[in-house]
Amino acid sequence: MSGFDSSAVLDALETMLPSDRPLQLHEPLFEGNEWKYVKDCLDSGWVSYAGSYVTRFEEMMAEITGTKHGVAVVNGTVALHMALELIGLKRGDEVLAPALTFIATINAISHAGGIPHLVDSEPGSLGLDPAALARHLEQVAEKRGSACFNKNTGRRIAAVMPMHVFGHPVDMDAVNILAEEWGLVVVEDAAEAIGSRYKGRPAGGFGRLAGFSFNGNKITTTGGGGVIVTDDPDLAKRAKHLTTTAKKPHAWAFEHDEIGYNFRLPNLNAALGCAQLEQLEQRLEKKRRLARRYTETLSGLAGVEMVRPLTDAVSNEEVGNYWLNAVLVPDRAARDQFLTEAHARGLMMRPAWGLMHHQPVYAECPRADLKVAEDLEARLVCLPSTPNLVD
Ligand SMILES: *Cc1c(COP(=O)(O)O)cnc(C)c1O
């Protein structure tokens with residue numbers, strides 16, 4: 001037996017957590033210029049689709065991610081959907097993505113006309129496992145010219161979408177080597193990874209494009225919002241065009257050269273975003289402090305293991321943003337008991353997302369062996385992770 005004792009673990013956690021109940025999983029914090037910038041929008045009348053905060057927000061995101069361009073959109077799902085359209089995804093193309101993810105990753109593939117092809121996770125950091133993906137591609141894929149095809153379905157495999165689970169960076173060098181070898185485009189689902197770093201560089205700069213989310217439960221929020229980042233000026237320009245009804249620039253004429261979208265982020269939300277991004281560094285510090293406190297508190301307790309990012313020998317620095325702190329317990333029964341007891345104590349912990357191939361709409365998707373994802377899903381519990389929880 002593992003010796004896991006859910007009451008003992010919860011007792012230990014309660015020694016470090018504040019006493020207010022219920023304690024939510026992740027709450028938004030507004031500790032900077034939010035009121036000022038939002039009021040500025042209201043005072044000036046620039047609340048909607050034009051205004052200087054949008055540009056500022058986009059520039060801040062480009063700087064934070066070390067990329068050349070940011071394009072703000074209404075949410076993270078749309079950022080990923082647009083990224084996939086921008087790489088030229090064709091209807092019926094397959095896109096490799098982890099089964100252990102929030103459904104937005106997989107929905108974005110569907111919205112862009114693609115077919116999700118689900119792959120397994122790396123047991124340490126929970127993200128897409130490049131070694132398992134390599135083995136899977138050897139089995140199911142073949143190169144025809146420079147393109148990659150699924151031998152079983154006959155469809156093109158166009159792209160791979162790693163997702164940095166809870167902000168823990170995926171081994172992007174390994175993903176990029178594999179993508180190069182197989183002729184796949186890399187689009188990063190960096191929705192949870194603002195401020196995370198891999199080998200000294202920020203998440204979001206490792207694919208052709210990346211998508212970020214500013215939903216209310218993320219580390220920084222615009223209420224609802226997303227950003228596409230890329231180094232490619234043509235893709236950035238097209239991203240802006242496609243998300244703003246594909247209107248040709250003109251002083252007064254309305255001419256649209258393709259079927260565009262209205263996916264622009266309102267200035268009001270971008271104002272909130274600018275204020276939030278100004279506080280990113282302090283917030284990351286708080287997140288890392290909280291993760292250390294959890295690690296210390298749980299060390300030595302039987303049957304409970306903190307999820308940590310893969311160690312980064314190259315940069316020798318903190319790599320995760322610790323968006324959500326999570327633990328692994330011995331099995332599904334232990335998880336369910338732990339969650340039930342936690343909720344009874346007003347600690348609103350959550351399990352992992354239901355795996356994508358367990359969602360009826362995605363049950364028929366092509367997929368790799370998913371035994372690691374299935375094991376993780378059964379054993380994972382997310383802990384309260386609001387940044388200032390222990391400050
Ligand atoms: C939050 C999130 C998204 C995007 O979410 P939106 O709510 O549309 O902003 C996408 N992928 C993952 C993994 C997420 O956690």
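Helices here are DSSP runs of H or I with at least four residues, strands are E runs with at least two, and both are numbered from the N terminus. This structure is a predicted model, in which local features need pLDDT of at least 70, side-chain atom pairs count only at pLDDT 80 or more, and totals for chains, interfaces and linings use all residues. Residues are numbered from 1 along each chain as its sequence is written, and side-chain values use heavy atoms, with hydrogens and water left out.

Let's start with the empty space. Rolling a probe the size of a water molecule over the atoms shows where empty space is left. A pocket is an open set of points on a 1 Å grid over the protein atoms alone, where a 1.4 Å probe fits, with protein on both sides within 12 Å along at least five of seven lines; its lining residues have an atom within 4 Å of a point. Its volume is the space filled by probe spheres set on the points, which are joined across faces, edges and corners.

The largest pocket comes out at about 480 Å³. It is lined by 26 residues, and F102, N217, K218, W323 and W353 are the closest to its centre. The largest share, three residues, is from α4.

Now for the second largest pocket, with a volume of about 210 Å³. Of its 13 lining residues, A132, R135, A368, D369 and K371 are the closest to the centre. Both α6 (130-140) and α12 (371-379) supply at least two lining residues, and α6 gives the most, with five. The classes here split into five nonpolar, three polar and five charged.

So where does the ligand sit? You'll find the ligand in the largest pocket, where "sits in" says that more than half of its atoms lie within 2 Å of the pocket's grid points. Around the ligand are 16 residues, of which G76, T77, E192, S213 and K218 come nearest; to count, a residue needs a heavy atom within 4 Å of the ligand. By class, this shell has five nonpolar, eight polar and three charged residues. Once again α4 has the largest share, three residues.

The table lists some polar contacts, which are pairs of N or O atoms within 3.5 Å.

| Residue | Atom of the residue | Distance to a ligand oxygen atom |
|---|---|---|
| N75 | polar side-chain atom | 3.5 Å |
| G76 | backbone N or O atom | 2.8 Å |
| E192 | polar side-chain atom | 2.5 Å |

Taken alone, the ligand exposes 380 Å², and the protein buries 93% of that. Such areas come from the Shrake-Rupley method with a 1.4 Å probe.

Finally, a look at two loops. The peptide bond from R21 to P22 is cis, with omega near -5°, and P22 lies in the loop between α1 (6-16) and α2 (34-44). L126 isn't a glycine, yet has a positive phi of about 80°. L126 belongs to the loop between β3 (115-119) and α6.

Note on methods
Nonpolar A, V, L, I, M, F, W, Y, C, P; charged D, E, K, R; others polar. Polar contact = N/O pair within 3.5 Å; in protein donor to acceptor, adjacent residues only side chain to side chain.
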